[in-house]
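Dear colleague,

I am handing over the structure we spoke about, together with some notes on what was found in it. Please read the notes with the model open beside them.

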Protein chains: 2
Amino acid sequence: MNLKQLSLMLELSQTTVSRALNGYPEVSEETRRRVTDAAKRHGYRPNPSARRLATGKAGMIGYVMPTGAAVDIDPHFVEFLSGLGDYARGHELDLVLSPADAQDEETTYRRIVANKQVDALYISAPYNADKRVALAHQLGIPFIVHGRSEGLDFDYPFIDIDNEGAFHDATRLLVQLGHKRVALINGDDTQTFAIFRERGVRRALAESGLVLEPRNIRSVAMTEENGYRAARRLLEGSDAPTAIVCSSLLMALGIVRAARDLNLTMPRDLSLVSHDDVFHWLKPEHFSVPLTTTRSSIRAAGARVAERLAARISGLEDGARGEVWPVDLVVRGSISGVR
Amino acid sequence: MNLKQLSLMLELSQTTVSRALNGYPEVSEETRRRVTDAAKRHGYRPNPSARRLATGKAGMIGYVMPTGAAVDIDPHFVEFLSGLGDYARGHELDLVLSPADAQDEETTYRRIVANKQVDALYISAPYNADKRVALAHQLGIPFIVHGRSEGLDFDYPFIDIDNEGAFHDATRLLVQLGHKRVALINGDDTQTFAIFRERGVRRALAESGLVLEPRNIRSVAMTEENGYRAARRLLEGSDAPTAIVCSSLLMALGIVRAARDLNLTMPRDLSLVSHDDVFHWLKPEHFSVPLTTTRSSIRAAGARVAERLAARISGLEDGARGEVWPVDLVVRGSISGVR
DNA sequence: GAGGGCATCCAAAGCGCTTTGAAATGCCGT
DNA sequence: ACGGCATTTCAAAGCGCTTTGGATGCCCTC
């Protein structure tokens, strides 16, 4: 059942039927009713390929997925996907993942924009002065950044969490508990979220006249193994930190294991605060000693990104508004006053 | 630059240019060369929307992603995506994720097939007599199942790992070490992978005249918390098992925590074998006691699925061939002879 | 009664490709 | 010299929608 058949059946032109269905004003209410009724009764659904060719709109949002033999997709990504699905389901909004060589994402960005494969893009895990953000901006395709990129000479729409505030507050709490040697086990420090977190820690320490020693900061990919290694190195030295702030539960797993290997009891010998992105399969309250965390659901962010992208596609949103979400500090048993 | 302009420029008809570019035989070699040269020089790229409308081919593969407030996407999925990207990158093959209400995936399947949004589908985590597989078969769209579904009255193409063999071998090893009370902490037992694994355990036990007691088998969603709970329940009873086989490292985390809470030393008081899907962010060799595992990379499977899907789309593969991959048994410190 | 304004509707021209059916062209054997 | 055949090319008809640029009829005003 296509438009032609339907219009024949109704003894109306394709124009009128199309307009009636798409809510244009120049169609009488009675005709519109007749048309929508018939469309529903016959299960008419406009062919998206045809509509796309005619309008240039794809009805899909895109994500360029960096891949490569040495590139691992972050498990945080499924949480984001869950959130995206929360919104997209029920809006018939699909997501197209375009795998790209992590060394050369630009080609893929250009391709999907030139081909008009998607109406809007979502960009994640930005770096400072992020090339992808600049490119999307330049190509003029609607997009939203999940995170922030500093050092670009234009504004752009994003949603981010208050990484600096979260890590500031976590660190301040540790300082208030008497900790003087606080270490940070961070994610990849070329990513802005990590930069903001480090900034938060430094600021909180500075407020009490303390500093984050270079040897007390580690920036590594967020895996259990890396958490373990970083913690071992920190804790085995002299003047080992009495408290650690870390960027992911995955690393926290490794830190806890390191502490155990070194016969350190938590929180007596070591306080730990981790950021928690809210995984359903690994929860901070279920660590052997329940973890104090800075908590913010990536899933919720995913839903919001989808919502805003949909709004931008349909023209309900424009401009370069950035949203910064506050982060919860959830205190549990993994921290205590310094001995 | 579109086909019309290009053909004008070459003083050829659109037909000939199109044929030359698409490798049809009825075009002289010289013209073909001229055409491909000019196309490359002017950076001509056929408009996919137009091609799609004309041919009905989308050049994309699809995945219907079950979502819902109570539905969490499995972190195993990112590994699959990484693998898919390994192949798809470099083949300009995109993946479209269509979020669907987990209660009603059928509507979405019908929509994306009717709309010809994708050329082929990938179906994951099948149940027995899986409705989605039956539907895809009936709708006549190319697809590949990652896993297997029993109880369908037709054959279909799939790739799966030898879950039964893997869990059989793991269990047999435990039995050989003298364990008589072996428990299984499995994933959701409506999924076929879990059924096969249980079968493997039962068969290995039966070969030594042992049985898998109903109270020694747990089927739960694969999370740390569920692993912990299941293990607590198993280990606190009288006649507690001396060995556990489990279906995921995520659950293994919880099992190890439970053992520790109960003051059981591994492997002295408890042997543990886990299945390992090969996450880069959590490795069995880095557990506090290195885990013996049955290992099979989901990522490799993802790449293979993409490869076969591409082959099916281009007509290089047809039929209903199923692939079953062997699974490695990797022995590490988490098992020992029973005391 | 002519002209203007408004509400409805329509024919036809795209969008940029593929593919059908037919027409040139050149070459061969008879 | 001519019919038959294979090779190469083309014009035009889709694919199914949106949108432009009118038509048409009706009511109102002067």
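What follows goes through the model's conventions, the pairing of the protein chains, the surfaces near the DNA, the domains and a few backbone details.

This is a predicted model, in which local features need pLDDT of at least 70 and side-chain atom pairs count only at pLDDT 80 or more, while totals for chains, interfaces and linings use all residues. Residues are numbered from 1 along each chain as its sequence is written, and chains are lettered from A and ligands numbered from 1 in the order in which they are written.

I begin with the two protein copies. When superposed by least squares on the C-alpha atoms of residues with pLDDT of at least 70 in both, chain A can be laid on chain B with an RMSD of 0.1 Å, by a turn of 180° and a shift of 0.0 Å along the axis. The two copies are thus related as by a two-fold rotation axis. Within chain A, the C-alpha nearest that axis belongs to A:Val96, at 2.1 Å from it.

With residues taken to be in contact if their C-beta atoms, placed from the backbone, lie within 7 Å, 46 residues of chain A are in contact with 45 residues of chain B. On the chain A side, the elements giving two or more residues are α4, β1 (60–67), α5 (76–88), β2 (94–101), α10 (224–236) and α11 (249–261), where helices (H or I, at least four residues) and strands (E, at least two) are DSSP runs numbered from the N terminus. The largest share of this side, eight residues, comes from β2(A). By class, the side of chain A that touches chain B has 21 nonpolar, 12 polar and 13 charged residues; here Ala, Val, Leu, Ile, Met, Phe, Trp, Tyr, Cys and Pro count as nonpolar, Asp, Glu, Lys and Arg as charged, and the others, Gly among them, as polar. Because 98% of the interface residues of chain A are also interface residues in chain B, the copies meet through the same surface.

Strands β2(A) and β2 (residues 94–101) of chain B run antiparallel and are joined by three bridges, pairing being assigned if DSSP finds at least two bridges between two strands. Within this pair, A:Leu97 has B:Leu95 as its bridge partner.

The surface near DNA strand C has nine nonpolar, 13 polar and four charged residues.

As for annotation, an unreviewed UniProt entry lists residues 1–55 of chain A as "domain: HTH lacI-type", with the caution that such annotations may be inferred rather than shown by experiment. Over residues 1–55 chain A is 67% helix and 0% strand, with its end C-alpha atoms 20 Å apart. An automatic or database domain assignment gives chain A domain 1 (1–39), domain 2 (60–161 + 300–325) and domain 3 (163–297). The centres of domain 1 and domain 2 of chain A, taken over C-alpha atoms, are separated by 36 Å.

Finally, some backbone details deserve a look. Most residues other than glycine have a negative phi, and most peptide bonds are trans. A:Met266 and A:Pro267 are joined by a cis peptide bond with omega about 5°, and A:Pro267 lies in the loop between α11 and β9 (271–276) of chain A. The bond from B:Met266 to B:Pro267 is also cis, with omega near 0°. A:Glu92, although not a glycine, has a positive phi of about 50°, and is found in the loop between α5 and β2 of chain A.

With best wishes

Note on methods
Contact = placed C-beta atoms within 7 Å.
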